[in-house]
Amino acid sequence: MLALFLLFGEKRAAAQQGEFTFKTSVSRVRVDVQVLAEGNIVTDLAQKDFLVYDRNVPQQILSVDRASEPLSLLLLLDISGSMTDYIQQVASVAQQSLKHLRRGDRVGVMIFARTAKVRLPFTDDFSAVEQEIRDAVRDESVGSATEINRAIVAAAKYLDESTETGRKAILILTDNKGLNYQAPDEEAIRELFGADAVLNALVVGRTERPPPIRPGQYVNPDFSHPDVFKIADETGGEAVPVKKADQEFPRMIERIRNRYGLQYRTPIPSQKGFRAIRVELTPDAKLRYPKALLRYRKGYYVK
């Protein structure tokens, strides 16, 4: 899965009114990219191996980084009743899994059901992360229903407020069940775009996407089924169906950490609205990795 970020500069002006304001940088757009070849992480690419297009216009890449930029990773845990066993599975491998992270990386823990709550602010004490995950299932302060999109919005806002620099990622553990009330996927995606954050998901239990809407079918716009697969794809992340969370969690942490950060100059003039981004490998790189899969965010907004 591949991700990209625009460094926006101005803070959200009136979030309580439901307005979206995105951070804009006068100089650079950042693009977070995952490259896989036959399911394996590709780690030997360089700046010369990438092509980036902004609204179909090729851009000059200023830099490509894979390891040095710090990562802020927020673990977003669905603690509804059906999730207890899966959360304990993750806790059992958390400390070992987080060894894939590097010096300067930080991890936070947020839980959710009807509402969302930060259990552990960002820290580099990974043993504390394990304990918070274990204790999370006993926290009854977030209610009993499940509102996934509102939790994703809360996680994106927390990342935006708590992190100034570096890469930002959310890893949600959920069964993708529940019902969103007045919280469509588009709102969650826009908040993630505004926070420069990538959503990744471990989906347990029911692993299918919500059924497509049939022609002529009435849909109440206030209610929607959660679809973390769609949100992850739009933001450049990876959503993986799992049966055993303890087997997939370490692999996901490694894949989140081993991504490329590309930067190019913000196009001038930067017209308002959505700007689509496309990332490709150069012809020479494609010869080396003819079946490469690139995941990255679909674009960014300028206001």
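This is a predicted model: local features need pLDDT of at least 70, side-chain atom pairs count only at pLDDT 80 or more; totals for chains, interfaces and linings use all residues.
I began with the strand order. It reads β9-β8-β7-β10-β12-β14, an open sheet of six strands with mixed pairing. I then looked for the edges and found β9 (116-123) and β14 (239-242), each of which pairs on one side only. From one strand to the next, the twist averages 15 degrees.

I picked out Val-204 and traced its bridge partner in β14 to Val-242.

**Helices across the sheet**

Which strands does α2 lie across? I found helix α2 (residues 126-136) lying across β7 (71-78), β8 (106-112) and β9. Its direction is at about 165 degrees to β9, and since angles over 145 count as roughly antiparallel, I put that pair down as roughly antiparallel.

Next came α6, which lies across β7, β10, β12 and β14. α6 runs at about 165 degrees to β10.

**α1 against α6**

I stayed with α6 and checked how another helix packs on it. Helix α1 (residues 84-97) and helix α6 (residues 245-257) have axes 8 Å apart and pack at an angle of about 40 degrees. That angle makes α1 oblique to α6. I noted the crossing as right-handed.

Who touches whom? On the α1 side I listed Tyr-86, Gln-89, Val-90, Ser-92, Val-93, Ala-94 and Ser-97. They meet Ala-245, Asp-246, Phe-249, Pro-250 and Ile-253 of α6. I sorted the residues of this contact by type and got eight nonpolar, three polar and one charged.

**α4, inside**

Last, I went to helix α4 (residues 185-195) and asked how many of its residues are buried. Eight of the eleven are, so α4 is largely enclosed by the rest of the structure. The buried ones are Asp-185, Ala-188, Ile-189, Glu-191, Leu-192, Phe-193, Gly-194 and Ala-195. I noticed that Asp-185 and Glu-191 are on that list, and both count as charged.

What covers them? I found that the cover includes the helices α3 (148-162) and α5 (228-235). It also includes the strands β10 (167-174), β12 (197-204), β16 (273-281) and β18 (299-302).

One more entry for the end of α4: just after the helix, Asp-196 takes a positive phi of about 60 degrees.

Note on methods: Residues are numbered from 1 along each chain as its sequence is written. Side-chain values use heavy atoms; hydrogens and water are left out. Buried means under 20% relative accessible area, exposed over 50%, partly exposed in between (1.4 Å probe, protein chains only). Helices (H or I, at least four residues) and strands (E, at least two) are DSSP runs, numbered from the N terminus. Contact means heavy atoms within 4.5 Å. Axes are lines fitted to C-alpha atoms, for helices over the stretch in contact, and angles run from 0 to 180 degrees between N-to-C directions. Angles under 35 degrees count as roughly parallel, over 145 as roughly antiparallel, 65 to 115 as roughly perpendicular and the rest as oblique. A crossing is left-handed if the near helix is turned anticlockwise from the far one by less than a right angle, and right-handed if clockwise. Two strands pair if DSSP finds at least two bridges between them.
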